[in-house]
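Please look over the model shown below.

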2 protein chains.
Amino acid sequence: MGDVLPVIHYIERYVDLSDEEKNHLASFLKITKVKKRQFIVQPGFVCSHKSYVVKGAFRGYLVDKEGREHTLSFAIEDWWISDYSSLIYQEPATLFVEALEDSVLIQITYEDEQKFLADIPKLEKFERIITQRSLAFQQKRLLSNFTKTAEERYDEFMSKYAAIAKRVPQYALASYLGFSTEYLSKIRNGKTSKS
Amino acid sequence: MGDVLPVIHYIERYVDLSDEEKNHLASFLKITKVKKRQFIVQPGFVCSHKSYVVKGAFRGYLVDKEGREHTLSFAIEDWWISDYSSLIYQEPATLFVEALEDSVLIQITYEDEQKFLADIPKLEKFERIITQRSLAFQQKRLLSNFTKTAEERYDEFMSKYAAIAKRVPQYALASYLGFSTEYLSKIRNGKTSKS
DNA sequence: AAATAAAAATGAACTGGTTTAGGAAATAAG
DNA sequence: CTTATTTCCTAAACCAGTTCATTTTTATTT
């Protein structure tokens, strides 16, 4: 059980668990190791797990019909990642989720999560709260895309998530912020009209 | 109690409720009538309610520092609306939520919702599920903004939400889709480069 | 350490969508 | 039914960010 403790601790930030509940929960959790450039989710396949990052970095992205990549999310230590739509509706994924470094995950399958939500109802509260926070985050991101220029979005990201920016390739960051990698290059080297 | 039944029925799509639970729940719900152009949420004030639309139409939007409006959501009959961030964190709102028509709402306060979530734990499941769906929806919208042109987003919206498009002013629709009202005018009248 | 592949930089030409400024239609109000 | 207000349309100039094509730098593999 020792190796799945990070997830138990994560959940305990939101709800209290008895020792019995913790053990029950731990029995559903599995450690997985993945190598850099390995995919844990791929378009066409139903996303079967939710993954907590113990060590490493990931990126979830879509490839559009013109072949362009658009990054929906990053995850480093202590974050969760999956193709959320595919997971909750149990339908084929549209995203790739790829390891950007050799990584270690703690995973739980969709079916097991449904089981323990039924067995331990207070975990519903945990799920509700973290989903609400993700939603609030996504709304801010959407508004930021509407209201801010490319450069402002870049500055905002750097000030909030410098730790992530350092670890991900530049083309991945550009595609997260919603502009081309060439333009990110210009921003970084001050070749844009103003400033 | 009759007048708050729509919300009870809405919740029953997701979880079963005993008569006692329904009555308990109903005691927290209040009917509110608002006139066209009236605000139910305003920046600077904490959003105290979650609102279910019985009749009418609403729009939630942000005004940026240049004075431009950006619509985050619409709501017509059988939808919910609020400033979600403000509600869950109980911090000052950043959005306006405005009635686009004379409308009727069923509202519940943040405190009362916390109470009944504690009293009736299975409502946590209801909250969890609808929040998950909102999140999946928002992710699709974000990706749609990244991957599609203004015209494609317009066509997509029209085919999915023609009912809403008919009821909201054009500037509100443009600001939801993320482009200027002049450009929407061009799209509608086929004055854009292709097509 | 050499060879190869992947990522980042650069610059010129271009384009999807904005801005500005106006006029025409439609809604709402007296 | 008349006036005021809000909403919608048009058109030309403009710009933030893209595209394309090539080079340099940095990782990865042998």
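## Helix 2 of chain B

The cover over the buried residues of helix 2 of chain B includes helix 1 (5-12), helix 4 (110-119) and helix 5 (122-147) of chain B. Contact here means heavy atoms within 4.5 Å, and helices are DSSP runs (H or I, at least four residues) numbered from the N terminus. The model is predicted: local features need pLDDT of at least 70, side-chain atom pairs count only at pLDDT 80 or more, and totals for chains, interfaces and linings use all residues. Side-chain values use heavy atoms, without hydrogens and water, residues are numbered from 1 along each chain as its sequence is written, and chains are lettered from A and ligands numbered from 1 in the order in which they are written.

In this helix (residues 19-26), B:Glu21, B:Lys22, B:Leu25 and B:Ala26 are buried (under 20% relative accessible area, 1.4 Å probe, protein chains only). Seen down the axis of helix 2 of chain B, the buried residues fall within an arc of 135°, so they line one face of the helix; the arc is taken from the directions from the helix axis to the C-beta atoms. B:Asp19 and B:Glu20, on the other side, are exposed (over 50%).

A polar side-chain atom of B:Ser180 is 2.9 Å from a phosphate oxygen of DNA strand C.

Methods: Polar contact = N/O pair within 3.5 Å; in protein donor to acceptor, adjacent residues only side chain to side chain. Helix = DSSP H or I, 4+ residues; strand = E, 2+ residues; numbered from the N terminus.
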